[in-house]
Amino acid sequence: MLNLTRLLTGLSSEGDSLRYAPRAARCMHGAVEGLGPVVVWNATRACNLRCLHCYSNAGSAAAPDELSHSEALALIDDLAGLRVPVLLFSGGEPLLRPDLTELIAYAADRGIRPAVSTNGTRITADAARRLKQAGTGYVGVSLDGIGEGNDRFRGVEGAYQQALEGIRHCLAAGQKAGLRFTISRHTVGDLDRILQLIEEEGIPRACFYHLVYAGRGRGLRSEDVTHGEARVAVRRLIGAALDFHRRGVRTELLTVDNHADSVFLYRYMQEHLPERADAALAMLLNNGGNRSGSAFACVDWHGRVYPDPFTRSRPLGSIRERPFSAIWNDPQDSFLAALRDRQPLLKGRCSACGWLAICNGNFRARAAASGDVWGEDPACYLTDEELRTEGRPLTGGCRPC
């Protein structure tokens, strides 16, 4: 996750203490030293929408034998013992789980910051108040386009208006909330209108996700934007972050799931904001790029553990057989060990890249969808010339101390 606003303007936000802490990239078992990973929990498979790109292959009903309430409490207790800083309740649609606010409150009481990733259509005024009262730190609402464009992508007519109302209900209740937008061939044409909406609605945070080919999206590489379109989109977001800052619009913009953005941003700053470029590079080196399997983890509705929400072909174990903490800290897990020291295994353009210390090979899930988990990430839009660091070797970075 790349906070454009933070790096471009210096304005910090709550999550930056995890993203850019000194030496964070060297932590092999957590987000920063002394803490566990950020954990995404797919609390249920049930969802009321049918999104084209759903990484979890959600369905209209809950999966048989999903984690019970008591099993969920035990998971939260274990995560608290591991000092997990953030637990992201996702799905499916997490608001379809009847005990969601009880579990959010329990996580908050155990010292974990709860966040919710939702399609927003179930957030009534009352639901927003209950989320706030339970101690929810943040609600991310997905909007993939404006009006009918969002509804086509999400598979249900009227989803756009319901999601927008969900955001409005959260903000009216004093619940911090933001917008999540996936950049794809179907949605990129609405990027400017989404930025306009963010300003008009006073939405304080917006995350722009690059498409990851997983779940229902596994065969959707053809639905991704071209490398040229990705560059234009990221450049537009850089311009929007600077423009918002100049005009006093209090919205932070972030990009997610493509660490080529870090290199693209740094090179932009070298040319256009040289006075801030070195500070930005230092933060990017602290972050270390993609850290699936070290700073991030995922647990599904059956308790299976994965290195991240997208890498589902390589389950690490089940919390029904042993605790998450034991799975996460297992020195015998060869795949986790490989992810945590992946750079010698990378192939193709990734193996020759001079920016591994701020990218770390990008998303292994996209590489795996192309046939080799250690192959190059097909969504890297940098040119061969840009892969060179012009005399500044920036490999390494994520190796253990």
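In helix 3, the residues Ala72, Leu75, Ile76, Asp78, Leu79 and Ala80 are buried. The model described here is a predicted one. An α-helix has 3.6 residues a turn, so residues three or four places apart point the same way. The buried residues of helix 3 are covered by elements that include strand 2, strand 3, helix 4, strand 9 and helix 12. The table gives the residue range of several of these elements.

| Element covering helix 3 | Residues |
|---|---|
| Strand 2 | 38–42 |
| Strand 3 | 86–90 |
| Helix 4 | 100–109 |
| Helix 12 | 324–328 |

The length of helix 3 can also be checked. Helix 3 comprises the 13 residues 69–81, which at 1.5 Å a residue should span 18 Å; its end C-alpha atoms lie 19 Å apart, and the two values therefore agree. After helix 3 comes Arg83, which has a positive phi, near 60 degrees.

Helix 4, one of the elements that cover helix 3, also packs against helix 5 (residues 125–134). Two packed helices are described by the angle between their axes and the distance between the axes. For helix 4 and helix 5 the angle is about 25 degrees, and the axes are 8 Å apart. Helix 4 is therefore roughly parallel to helix 5, because angles under 35 degrees count as roughly parallel. Helix 4 contributes Leu100, Thr101, Ile104, Ala105 and Ala108 to the contact, while helix 5 contributes Arg130, Leu131 and Ala134. Six of the residues in this contact are nonpolar, one is polar and one is charged.

The largest nonpolar core has 100 residues, of which Leu8, Trp41, Phe208 and Phe324 touch the most other members. Helix 9 (residues 227–246) gives the most to this core, namely nine residues. Apart from this core lies another, of six residues, including Cys47, Cys51, Ala58 and Ala159. Leaving out residues up to four places away in sequence, Phe208 touches residues that include Phe181, Ile183, Leu191, Leu237 and Val256.

Ser294 belongs to the loop between helix 11 (274–287) and strand 9 (296–299). With a relative accessible area of 5%, Ser294 is buried, because buried means under 20%. Ser294 and Ala31 are 263 residues apart along the chain, yet their C-alpha atoms are separated by 7.1 Å. Beyond its neighbours within four places in sequence, Ser294 is in contact with Cys27, Met28, His29, Gly30, Ala31, Pro37, Trp328 and Arg340.

Methods. Residues are numbered from 1 along each chain as its sequence is written. This is a predicted model: local features need pLDDT of at least 70, side-chain atom pairs count only at pLDDT 80 or more; totals for chains, interfaces and linings use all residues. Side-chain values use heavy atoms; hydrogens and water are left out. Helices (H or I, at least four residues) and strands (E, at least two) are DSSP runs, numbered from the N terminus. Buried means under 20% relative accessible area, exposed over 50%, partly exposed in between (1.4 Å probe, protein chains only). Contact means heavy atoms within 4.5 Å. A nonpolar core is a set of buried Ala, Val, Leu, Ile, Met, Phe, Trp, Tyr and Cys residues joined through side-chain atoms within 4.5 Å. The expected span of a helix is 1.5 Å times one less than its number of residues. Axes are lines fitted to C-alpha atoms, for helices over the stretch in contact, and angles run from 0 to 180 degrees between N-to-C directions. Angles under 35 degrees count as roughly parallel, over 145 as roughly antiparallel, 65 to 115 as roughly perpendicular and the rest as oblique. Ala, Val, Leu, Ile, Met, Phe, Trp, Tyr, Cys and Pro count as nonpolar, Asp, Glu, Lys and Arg as charged, and the others, Gly among them, as polar.
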